[in-house]
Each structure stands twice: as C-alpha cells, then as structure tokens.
Amino acid sequence: MSEARSLSGGAHAEMMQTFLAGLEIPYGIERSAKWRPQRWSTDRLLCSAPVAVCGADVLARQLPALLERLGMQHTDMQAFLAELRPTVGEVPHYLHLGVEDGRCKVYWEASQPEQLAQESRFVLYRAWKWQPGEAAALSEYVLEPSAGQAVRAIKALLAEMPMALADLLEQLEVSFALKQTPWPPLTVRIEEHMGGRETQRHSLNLHLHQARLPLGGIAGLCMGLVREWQSAPRSTVVEWVAAHGSEMLGNLSFGIGDDGQPFLTCYHGARLCKP
C-alpha cells in the first residue's frame with residue numbers, strides 16, 4: 001500500500017485510502033489536475049471500489065465513522081447512506097471517495113443501462129461535495145442518452161469557452177478517430193444544487209478511457225489554455241507534463257464551476273492498489 005499512500009493529497013485523502021485498505025479489497029486511485037483563470041491545482045485524488053466487493057452492509061456499518069471524521073454533516077450523511085438501501089432500484093455499482101484542495105467528495109455510481117430512451121433522465125453518478133463542517137453540494141451527473149445529444153451539448157458548451165479549449169476537444173476527436181474509437185465518448189452533464197438551490201455550475205464530463213490516450217498527447221494544447229488563463233508558470237506545467245505525460249487520460253471535465261469561473265479538469269494515471 002505504500003505507493004497509494006505516497007499519492008495522498010493530505011490528511012483526508014489518507015483517511016480515505018486507509019478506509020479502503022482496511023476493507024482488504026483491491027481499489028483504484030486516480031489523480032487529476034484542474035485549470036482555471038489565475039489558478040491551477042494538482043492536490044486532487046479519487047479512490048474507487050465496487051460496492052459488491054466492499055459489501056453494501058459493510059459499507060453501511062463502516063462509512064459513518066469515516067464521513068464523520070471527514071466533517072460531513074449528519075443530514076448529508078443520512079442522505080448519502082440511504083442510497084445503500086434503496087426503496088426502488090438497485091444498490092449503487094461503485095463507491096468513489098475523493099479530495100480536491102481540501103474539499104471532500106463522495107460519489108455513488110450506478111450501473112449503466114444497456115439502452116436508454118432518447119428523452120429519459122439517467123443519473124450515472126450522484127455526488128456530495130463539502131468543506132469539512134459545512135453543508136454539502138449535491139451533484140447529479142446526468143447521462144446524455146445519445147451520441148447526437150452529446151455532440152450538441154459539447155458544441156453548445158464550447159461556445160462559452162476559450163478557443164484553446166475547442167482546439168483541445170478537436171484534437172481529442174482526431175485522436176479517437178486514429179484509434180478507431182467512436183466519438184463522442186460517454187458524456188454526462190453536471191447538475192448541482194446546494195441548500196435546495198441550483199449553483200452556477202454548468203459543465204460536462206467526458207469518459208476518455210476507451211481510447212487509451214496518453215496525457216502528453218494533449219499537453220501542448222493544455223499549455224495554450226494555461227497561458228490564456230495565466231493559470232501557472234510555464235515551467236511548472238512543463239515539469240508536471242514530464243512527470244505524468246505517459247499516463248493514460250481518464251475523464252475530462254470542462255465548463256463553468258460553482259464559482260462562476262471556467263475550468264478544465266484532466267483525470268489521469270488510474271491504477272489499482274491491491275491488499
């Protein structure tokens with residue numbers, strides 16, 4: 001487990017990894033980097049494990065202590081844990097635990113349906129995100145039910161973003177074509193609420209795993225966006241690319257964040273930790 005712990009983004013990330021290690025099951029870890037105007041962060045970690053392997057009953061018993069240590073409020077904790085005993089539907093497929101800049105986040109991932117009606121609303125992920133001791137924002141990641149709708153959603157959102165981001169998405173589309181992988185990839189839109197009110201967040205998440213593209217393949221275009229946003233010194237980004245450029249891209253998120261600022265997040269380097 002030493003490799004997983006070396007990736008810790010802080011005390012809360014360490015708690016999450018220790019929790020999953022204590023279940024004595026294999027679990028995944030993945031890093032990410034987030035760019036915004038005048039801001040850049042790599043202090044982000046996501047851990048993932050299948051609920052069936054963890055055991056829903058085990059999670060129901062043991063998660064409350066972890067969530068309390070992470071500063072999740074009791075009302076939010078009850079809502080999160082209720083998903084393990086649904087009155088309708090199935091138990092979640094995956095549990096995800098993460099940290100981003102000191103903010104904790106926990107997700108349930110549903111099993112993907114084989115088919116989805118054009119007008120149906122399917123929530124692939126449901127996430128609670130909070131600063132310790134504060135109320136959580138609830139995010140629902142709604143699956144775009146068809147390739148056509150995903151393409152339209154991507155184009156509409158890119159119209160609000162810098163041209164450098166449109167160039168990056170165009171390069172990804174070309175890379176998918178070279179890999180003979182269908183474009184667009186699985187796409188979800190994020191609907192976020194806090195205290196019963198919708199936040200400013202307006203964004204999409206694209207699943208890039210299938211094409212197995214190295215992060216370094218979009219590094220130049222990422223640097224163009226970083227330069228436009230003045231997110232970080234060029235030398236800092238070059239060092240980061242040198243360290244992680246050979247790692248595979250996972251997900252890509254972009255749009256407007258809950259702070260009203262545009263952002264791009266690259267998930268990369270997913271790996272398995274075994275007990």
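The model is predicted: local features need pLDDT of at least 70, side-chain atom pairs count only at pLDDT 80 or more, and totals for chains, interfaces and linings use all residues. Residues are numbered from 1 along each chain as its sequence is written, and side-chain values use heavy atoms, with hydrogens and water left out. Helices (H or I, at least four residues) and strands (E, at least two) are DSSP runs numbered from the N terminus.

**Helix pair α2 and α4**

- Two packed helices are described by the angle between their axes and the distance between the axes.
- Helix α2 (residues 11–22) packs on helix α4 (residues 56–69) at about 165°, with axes 10 Å apart. Axes are lines fitted to C-alpha atoms, for helices over the stretch in contact, and angles run from 0 to 180 degrees between N-to-C directions.
- α2 and α4 are therefore roughly antiparallel to each other. That label applies over 145 degrees; under 35 counts as roughly parallel, 65 to 115 as roughly perpendicular and the rest as oblique.
- The crossing of α2 and α4 is right-handed.
- α2 contributes Met-15, Met-16 and Phe-19 to the contact, and α4 contributes Leu-59, Gln-62, Leu-63, Leu-66 and Arg-69. Contact means heavy atoms within 4.5 Å.
- The contact of α2 with α4 holds six nonpolar residues, one polar and one charged. Ala, Val, Leu, Ile, Met, Phe, Trp, Tyr, Cys and Pro count as nonpolar, Asp, Glu, Lys and Arg as charged, and the others, Gly among them, as polar.

**Helix pair α8 and α9**

- α8 and α9 pack at about 155°, and their axes are 11 Å apart.
- The pair is therefore roughly antiparallel. α8 passes α9 in a right-handed crossing.
- Ala-219, Met-223 and Val-226 of α8 meet Arg-234, Val-237, Val-238 and Val-241 of α9.
- By class, six of these residues are nonpolar, none polar and one charged.

**Ser-231, between α8 and α9**

- Ser-231 sits in the loop between α8 (219–229) and α9 (234–244).
- Ser-231 counts as buried, at 8% relative accessibility. Buried means under 20% relative accessible area, exposed over 50%, and partly exposed in between (1.4 Å probe, protein chains only).
- A polar side-chain atom of Ser-231 lies 2.7 Å from the backbone oxygen of Arg-36.
- Beyond four places in sequence, Ser-231 contacts Trp-35, Arg-36, Pro-37, Gln-38, Arg-39, Trp-40 and Val-226.

**Backbone features in loops**

- Most residues other than glycine have a negative phi, and most peptide bonds are trans.
- Gln-38 has a positive phi, near 65°. Gln-38 lies in the loop between β1 (27–36) and β2 (39–41), and is exposed at 55% relative accessible area.
- Arg-212 has a positive phi, near 50°. Its loop runs between β10 (202–207) and α8, and Arg-212 is exposed at 53%.
- Trp-183 and Pro-184 are joined by a cis peptide bond, with omega about 5°. Pro-184 is in the loop between α7 (163–178) and β8 (187–194).

**Pro-92**

- Pro-92 lies in the loop between α5 (74–82) and β4 (94–100). Pro-92 is buried, with a relative accessible area of 10%.
- Not counting residues up to four places away, Pro-92 touches Val-51, Glu-83, Leu-84, Trp-108 and Glu-109.
- Pro-92 and Arg-36 are 56 residues apart in sequence and 32 Å apart in space, C-alpha to C-alpha.

Key: A crossing is left-handed if the near helix is turned anticlockwise from the far one by less than a right angle, and right-handed if clockwise. A polar contact is a pair of N or O atoms within 3.5 Å; within protein, one must be able to donate a hydrogen and the other to accept it, and residues adjacent in sequence count only if both atoms are side-chain atoms.
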